[in-house]
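Good morning, and thank you for coming. Please look at the sequence and the structure while I speak.

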Amino acid sequence: MFSQENESNKERVIPDLVVQTAASPGESYKICADFIEKMRTRYPKRNYLLKGIIDNLDPDKHPRTPISYFGKVKEEIVGIIVGEKEGDVFNGYIFLVDQKYQNTNVAVSLMRSLQADESTIKLVPAPIGMRKYTSPEQREHLTRALERYYKRFGFVPSSNHTMVWHRGNPKKNV
Ligand SMILES: CC(C)(COP(=O)(O)OP(=O)(O)OC[C@H]1O[C@@H](n2cnc3c(N)ncnc32)[C@H](O)[C@@H]1OP(=O)(O)O)[C@@H](O)C(=O)NCCC(=O)NCCS
């Protein structure tokens with residue numbers, strides 16, 4: 001499944017990865033809800049977003065317009081970015097890659113696709129899928145690590161715990 005292209009950064013490249021965007025808010029919601037549900041079933045020792053939070057994105061029930069980017073390997077969805085536009089800003093809510101596909105080109109490809117389409121992206125670094133019973137200190141540690149991770153993509157800290165990327169920001173390390 002994986003080919004070792006560059007052993008120096010340990011990246012495992014999945015050659016048949018395809019990144020797409022959902023065709024409509026309804027499809028975006030469904031892809032997101034199904035993927036989170038699959039993660040919940042596959043990794044029962046981890047805490048994923050509450051179903052109610054995901055249900056809030058259902059455009060059939062609420063005035064919401066979610067946009068989903070998803071990475072597919074053969075017919076399986078292996079990672080998603082989900083957000084919503086507010087004017088010119090893409091507000092990212094969920095960035096999640098199946099653990100089996102982490103440390104591959106999936107996460108980077110998803111983020112690069114989003115950055116190719118958008119000029120401003122906002123997100124809040126907040127870990128999803130943590131082990132159950134994660135202590136507040138561990139959560140804090142993971143949040144700091146996520147901030148460092150997003151800085152690699154050129155995001156910079158902003159107000160209210162958000163991080164912002166503007167097209168033209170220097171990109172580092174990715
Ligand atoms: C965040 C996420 C999508 C990144 O995907 P990934 O496949 O792990 O990331 P990449 O392959 O691009 O990068 C791997 C590198 O980033 C680091 N990294 C990735 N996610 C990280 C995280 N959450 N915290 C700290 N470091 C992280 C890895 O340690 C690795 O470092 P290395 O290159 O020095 O070995 C993935 O870790 C994930 O799904 N996490 C759970 C969901 C979550 O918390 N999402 C963030 C919501 S704001």
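Predicted model: local features only at pLDDT ≥ 70, side-chain atom pairs only at ≥ 80, totals over all residues.

Residues are numbered from 1 along each chain as its sequence is written.

Let me begin with the fold. The protein chain holds four helices and eleven strands; these are DSSP runs numbered from the N terminus, with helices being H or I of at least four residues and strands being E of at least two. Along the principal axes, its C-alpha atoms fill a box of roughly 50 × 40 × 35 Å. The radius of gyration of the protein chain is 16 Å, which agrees with the value near 16 Å for a compact globule of 174 residues. That radius is taken over C-alpha atoms, and the globule rule is 2.2 Å times the number of residues to the power 0.38.

How much of the chain is buried? Of the 174 residues, 26% count as buried. Buried means that 20 or more other C-beta atoms lie within 10 Å of the residue's own; exposed means 12 or fewer, and partly exposed lies in between, with C-beta atoms placed from the backbone.

The largest nonpolar core has 34 residues, and C32, I80, I81, I94, L110 and L114 touch the most other members. Such a core is a set of buried Ala, Val, Leu, Ile, Met, Phe, Trp, Tyr and Cys residues joined through C-beta atoms within 7 Å.

I turn now to the ligand. Among the 19 residues around the ligand, Q102, A107, P127, I128 and A145 come nearest; a residue counts as near if its C-beta atom, placed from the backbone, lies within 6 Å. Strand 7 (89–97), helix 3 (105–117) and helix 4 (136–152) each supply at least two residues of this shell. Helix 4 gives the most, with four residues.

Finally, two loop residues deserve a look. K74 lies in the loop between strand 5 and strand 6, and N160 lies in the loop between strand 10 (156–157) and strand 11. Neither is a glycine, yet K74 has a positive phi of about 55° and N160 has a positive phi of about 50°. Are they buried or exposed? K74 is exposed, because 9 other C-beta atoms lie within 10 Å. N160 is exposed, because 6 other C-beta atoms lie within 10 Å.
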